[in-house]
Amino acid sequence: MTTKEYIESGLLELYVYGVLSDKEQKQVAADVAKDAELQSEVEAIETTLLELSKATSTGLDTSVKKNVLQRINQRSTQVKQKVKIITSNYSYFGWAAAILLLGGILWLLKLNQDLQQEIKVVSTELESKETEVVNSNEKVQNLEELLLKMAEPGARKLTLPGNELNAPNSAVAAFYDEETNELILDISRLPEAPEGMVYQAWSLTFEPLTPNSIGVLAEENSPGNKLFKLQNIPTSEGFGITLEPEGGSESPNLDQLYALGTI
Amino acid sequence: MQPDELILQLKQKNEVAFSQIYDMYSENIFGIINTIVNDVEIAEEVLQDVFIKVWDKSDSYSSEKGRFFTWLLNISRNAAIDKVRSKAYKNKRKNSDFDNFSFFIKDDMDLDSISDGYGIRKFVDKLKPMCVKLIDLLFFKGYTQKEASETLEIPLGTVKSRNRTCLNSLRETLE
């Protein structure tokens, strides 16, 4: 279709009337935009229609325009006010305050968490200290008890001299109470028992020589300071200490005799 | 010429541009509305609503869809037709013989009129009755080609070209 045919078809008039379908309106608008001749034809049609439609007006009162302007002015101030509230400084302060408050709360939460953790550590430490104190108290009590035993009138002090071969120049101090059948041994002067070995105490009667085990002198049986309290001692004429494998033996190994003394 | 710069400013909610656009088109729009509602008071009401709509919906106009005047025309005709269909209008409506635009154009002798219409009267009077009816239905009332062909009982294929011939005869006398 040539431009002339396009114009002659009458399509442009209907386009300016706005009575074509949306699709046709868009198509004609695109065609007109590309062709100056179509463009000027459209404008001529529009001019005629403006004149024709204006001629049908009975004349508008100026109060109508005033009303319209007032109404749109109200609308635009409403819109402006809305915008103003959103961008006002106060709202920035509000946001800043909210963010600071949130930061503060988070900081306090963190602080609280750290303190809780510290309390946990301290109370664990306290518990272990308490346990230590209880253990020490027990030891002190045991030692006190031993001291009292030694100081009893029935207690006799004995000295078991060190064996020439195994423990020269040493001795074991002993306190024996025949009434209560108790024996206290201090082996602090004997050499340290080697790994896997332990000292064992024996009660002895002579002619014939009869040893009876009265206790293994292992660390865990001592209240401290290598002091041992042994009970249920049978009637004895002497006491001996030998080095035996861990756990003790049925009968003494006389080659490993470390101390021996008679009552 | 289409006031493209003003339209752009209108879209940016410029009240001065809006006022100028009102001045350019309000009499045309008022004439069109009045040919549909046939009551000056109601036409003023509808015209106000139309221009409020123009302010609110100026974003929806795009030159890709057509002329700005066409966009205004469509808003105006739709608003006026909605009014005519409303209950309030039906209660108020008086019977009238004014059944097309030609009745609204003043006589040449009516020199008091603030409109420019008085010079057109004699040209419109020269138009064939069928031309007056065609222009009335298509331009003033917004009928589609199909609706116009059914109402006037003329073949659909001839609506477009007949309308052009009618409008041309008016155009030639005006130029």
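The model is predicted: local features need pLDDT of at least 70 and side-chain atom pairs pLDDT 80 or more, while totals for chains, interfaces and linings use all residues. Residues are numbered from 1 along each chain as its sequence is written, and chains are lettered from A and ligands numbered from 1 in the order in which they are written.

**View 1. Elements of chain B.** Chain B has nine helices and zero strands (DSSP runs numbered from the N terminus: H or I of at least four residues for helices, E of at least two for strands). Of its contacts with a separation of 6 or more, 52% join residues 24 or more positions apart; a contact means C-beta atoms, placed from the backbone, within 7 Å.

**View 2. Helix 7 and helix 9 of chain B.** Helix 7 (residues 129-140) and helix 9 (residues 156-174) of chain B pack at an angle of about 105°, with axes 9 Å apart. Axes are lines fitted to C-alpha atoms, for helices over the stretch in contact, and angles run from 0 to 180 degrees between N-to-C directions. Helix 7 of chain B is therefore roughly perpendicular to helix 9 of chain B (65 to 115 degrees). Helix 7 of chain B contributes B:Cys131, B:Leu134, B:Ile135 and B:Leu138 to the contact, and helix 9 of chain B contributes B:Arg162, B:Asn163, B:Cys166 and B:Leu167.

**View 3. A:Leu165.** A:Leu165 lies in the loop between strand 1 (155-161) and strand 2 (171-177) of chain A. A:Leu165 counts as exposed because it has 10 C-beta neighbours inside 10 Å.

Definitions and conventions: Buried ≥ 20, exposed ≤ 12 C-beta atoms within 10 Å, placed from the backbone. Parallel < 35°, antiparallel > 145°, perpendicular 65-115°, else oblique. Contact = placed C-beta atoms within 7 Å.
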